[in-house]
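Hi there,

Here is the structure I promised to pass on. Have a look at it first, and my notes follow below.

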Amino acid sequence: MKNIRLLKDNIFGKIFFTLTILSISTVILLGFGLYYKSIPLLNHSSLGHLLSSSEWKPFKEAFGFYSFIMGTLWVTAISIVIALPLSLLTAIYLSEYAPIRIRKIVLPLIELLSGIPPVLFGVWGVLVIIPIIQDYIAPHFVEFTTGYSVLAGGIVLAIMIFPLIISILIEVFDNVPQELRDASLSLGATQWQTIKKVLLRKSVDGIVAATVLAISRAFGETIAVLMVCGNLAQVPHSLFDSGYPLPALIANNYGEMMSIPMYDSALMFAALLLFVIIFLFNAISRIILFRIEKRTT
Amino acid sequence: MRKIEENIFKALMILSTAIISGTLFWIIYTIFSKGLGSLNWDMISKIPEGGFYIGKGGGILNAIIGSLYITIGATLLGLLVSIPIVIYINIYAKKNSFLANITRLSYDILFGIPSIVYGAFGFAIMVYMGLKTSLLAGIITVTLLIIPILVRTMDEAVRVVPEDMSNSVYSLGATRYETAKIILRQSIPGIVTAILLSFGRAIGDAACVLFTAGFTDSIPTSLNQPAATLPLSIFFQLSSPIQEVQNRAYAAAVVLTIIVLIISITAKIASKNLSKNKI
């Protein structure tokens, strides 16, 4: 009887171990699979050319990703510029100033916001942000715009990454030992001075990690961005120009990619680019966050 | 002077907290006010009829059912894979062992990989194996997408079970496998939260199923058939130039919003109520 129990324990242990190893290798498999599919394109033209050329003519087998990369960078940069200050202020408020009562109301709301599907952000962007840009903001700066612009993409993305940044920042702030705050306050510093000189200084690496994670989230967001960015293959030169971020490119062309030679390879290469960048960004910020957690426990 | 600066920043903080919480209500309000008018019983009880995409009759039942199939299938499949992993890294592996840490790091990273990359990867595999867009391909790809959520959330729930508990179970002579069962029972609230979280993510995801599940006007009857999904149904109808079709996209958005809100709120209540019974 005892042996059967031990046997069971062992067998399940082996199965669980195998599953764990297999599942970790998904990371490698993802990268390898996408790389494998992009080999034809990489044999066709050099990596440098693919990244720096903005000529996109699938029928002539000319695949330059420059304008899409720039589209992605514009949208991401705008979203971070909007989201970081607002999230930082909110996180400081919730962790340092807000009474428990308010924290208990606001945090679930932010959690709810993070559960809203991307497509609904897209619908909202089309219904609300696009008309606001078209009618109220853009006319002050440019003569004509449809509203479908990198700015619209940036705003919608900013709202989508709020919950991520805030939840990480609050965790980072909570990890700063209370004694440090007490020490600063007992020396006569005001609460705001304590926040500036102690809390923020202690949390610099955490803030960096949160930002990097947010960047990688914004990088890969697809449907919402696809709906509001205008999707013109051009390098945006102002906030009100249309852009065509990489994920939108992939999602928009999956239908025809099998009928044009090399096109599927080009789209898989775009996915590989996203994967590599996001993998690196995630790995870096997760390691930073892991260290912070370890330091305090 | 010190006070003025503090007050300005405090005002800014309250303002940004209000803005961020406010956008949630703004989004929900916009979708409801636009979509409720076009929402009727036909919308949610019929599949598209001929000429649906030029404004004729029918509904989005195909997308609702398709979404449910994919989401339920993926959640079940995901649990089957992720529960063993969570057990392994928490009970079988030594505490803070290299394997457990590297697994956690991998899942943190996989959690950040966007669904479009999973979609493209799923598509690459499908082409490699000569498969067409189908319900099964959709379920598998969405499973890949939600396993990181399941593992991370359940791992957190299992980790907070007090060590005394597993020690006392061991001291009664239980094997690790038997201990795992007891620990899991203690983590039920966390597991329920994990299931609901991944359910919400799976039902709202569009980029993954775009490549793998395809789209169809009928309700799939087998795993080889393509399946429609709610997010894609919203997306496709919204890109139509016809006003009636667009209105239906808004109504479909209301349906999706309601489903997601119910799931999120249930998750919140479940994790609160279930944890009352914990030791």
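Let me start with one residue. Leaving aside its neighbours within four places in sequence, I109(B) is in contact with V27(A), F279(A), N282(A), A283(A) and R286(A); two residues count as in contact if their C-beta atoms, placed from the backbone, lie within 7 Å. I109(B) sits in helix α4 (residues 98–112) of chain B, where helices (H or I, at least four residues) and strands (E, at least two) are DSSP runs numbered from the N terminus. I109(B) is buried, with 21 other C-beta atoms within 10 Å. A residue is called buried if 20 or more other C-beta atoms lie within 10 Å of its own, exposed if 12 or fewer, and partly exposed in between, with C-beta atoms placed from the backbone. Between the C-alpha atoms of I109(B) and I91(B), 18 residues apart along the chain, the separation is 22 Å.

Before going further, some notes on the model. This is a predicted model, in which local features need pLDDT of at least 70 and side-chain atom pairs count only at pLDDT 80 or more, while totals for chains, interfaces and linings use all residues. Residues are numbered from 1 along each chain as its sequence is written, and chains are lettered from A and ligands numbered from 1 in the order in which they are written.

Now chain B as a whole. Chain B has 12 helices and 0 strands, and buried residues make up 50% of its 279 residues. Its C-alpha atoms fill a box of roughly 70 × 70 × 35 Å along the principal axes. In helix α9 (residues 188–204) of chain B, 14 of the 17 residues are buried, so α9(B) is largely enclosed by the rest of the structure.

Next, the contact between the chains. It takes 65 residues from chain B and 70 residues from chain A. On the chain B side, helix α1 (residues 2–35) of chain B brings the largest share, 19 residues.

Finally, the core. The largest nonpolar core has 177 residues, and those touching the most other members are I165(A), L169(A), V228(A), A270(A), A271(A) and A120(B). Such a core is a set of buried Ala, Val, Leu, Ile, Met, Phe, Trp, Tyr and Cys residues joined through C-beta atoms within 7 Å. Helix α6 (residues 150–174) of chain A gives the most to this core, with 19 residues. Beyond its neighbours within four places in sequence, A120(B) is in contact with L34(A), I250(A), L267(A), M268(A), A271(A) and F211(B).

Best wishes
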